[in-house]
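Open the structure in your viewer and keep the selection tool ready. Each stop below says what to select and what is there.

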Amino acid sequence: MPTKKEDTKTIYSNIIETNEVLLMVKIAVTGKGGVGKTTLSGTLARLLARDGYEVLAIDADSDMNLASSLGIAEPPRPLTEYKEMIDERAGEVGGMFKYNPKVDDIVDKFGVVGPDGVKMLVMGTVERGGSGCMCPASAFLRALLRHVVLKDTSALIMDMEAGIEHLGRGTTRGIDLMIIVVEPGMRSIETAGRIKELAGGIGVKNLAAVVNKGTSADVKPKLAELGIPVLGEIPFSPDLMNADFEGKSPIDAGSESIASFVEIKEKMLEMIESFSKDEDN
C-alpha cells in the first residue's frame, strides 16, 4: 500500500509530459503576516522543480523561514551579512555607491541547493530599505533582484514581506505575477487592497490571490471588488500544521493537501501563459 509521501508524487507524475514547453515563470508571493505565504512559496518551488523547471527561490522576508518550507535543513547566510563583499562591489569612495554592482555570480557562490534541485538565496534585511535608502547594501540587493528577475532562468519564486514598497520600482520589474495569500477575514482583505495599491505604484500589473485556511466563498466577492482574481484555496489541514511545527516541507511530510497546491500551480501557469499571449497580441 503506498505511503502518503508516495501518493503526493502520483498527483503530478504526468506534469512533465503534459507541459512539454516550459514557460519562464517569475513570481512574487506576499500577504499579511502568518497567512501561509512561505508555505505556498516553498511548495510551489518544489512542484515547479518536479515539473522540470530550474528553480531559484529567494527568501526576501525579514523572518527568513523559507528554508524549512523547501526542506532545506541548513539555509545559506543572509547576503546582507557579507558586508565586506557588498562594500567592495557596491561601494565607491566618498560615500557614493554603484547603481549596478556585479551580482551575476551570487547564486552560485552564496546560495544552496535543496531537494528537487531547488536553489535558494536569503536576502537579509536593510535598515532603511526602499527608495529612501541610499546605501551600498540597498543598491546591491536591488541589482541582484533585477538580475535574477530579468535573467533567462526557468522559474523564480520570491517570498516577500507584506509591505513591498521597500523594494523600490526597479526590483520588481519583470515579475509575471504577484500572488497575495489571504485568510477569510477583513484584515487580510484590507492588506490585499493595500498590496495592490503598492504594486500598482511600482509597475506590477498582474496580481492574483490564494485563500488559505478556509474557503473562498466569502472572500472571493471581496477580492473581486478589488479586481484580484482567486487562483485557488488551501483548506485547513492538520498535516500542514504538523509539518510547520516539525520544520518540514509539506511535500516531504506527505500532506494530503498537496493536491490543492498542484491545482493552484496549474492555474497560475495558465494565467501567466494568458498574460504572455496578450502581450504578444
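Start with Thr38: apart from residues up to four places away in sequence, Thr38 touches Asn65, Leu66, Ser69 and Asp159, where contact means heavy atoms within 4.5 Å. Thr38 lies in helix 3 (residues 37-50). Helices (H or I, at least four residues) and strands (E, at least two) are DSSP runs, numbered from the N terminus. Is Thr38 buried or exposed? Thr38 is buried, with a relative accessible area of 16%; buried means under 20% relative accessible area, exposed over 50%, partly exposed in between (1.4 Å probe, protein chains only).

This is a predicted model, in which local features need pLDDT of at least 70, side-chain atom pairs count only at pLDDT 80 or more, and totals for chains, interfaces and linings use all residues. Residues are numbered from 1 along each chain as its sequence is written, and side-chain values use heavy atoms, leaving out hydrogens and water.

Next, select Ile58, Ile106, Leu121, Val148, Met158 and Leu223, the residues with the most contacts inside the largest nonpolar core, which has 41 residues. A nonpolar core is a set of buried Ala, Val, Leu, Ile, Met, Phe, Trp, Tyr and Cys residues joined through side-chain atoms within 4.5 Å. Helix 7 (residues 136-150) gives the most to this core, with 7 residues. A second, separate core has 40 residues, among them Ile27, Leu48, Ile179 and Ile251.

Finally, select helix 9 (residues 186-201). Its buried residues include Ser188, Ile189 and Thr191, and the buried residues of helix 9 pack against strand 1 (25-31), strand 6 (177-182), strand 7 (207-212) and helix 10 (219-225). After helix 9 comes Gly203, with a positive phi near 85°.

Terms used:
Expected span 1.5 Å × (residues − 1).
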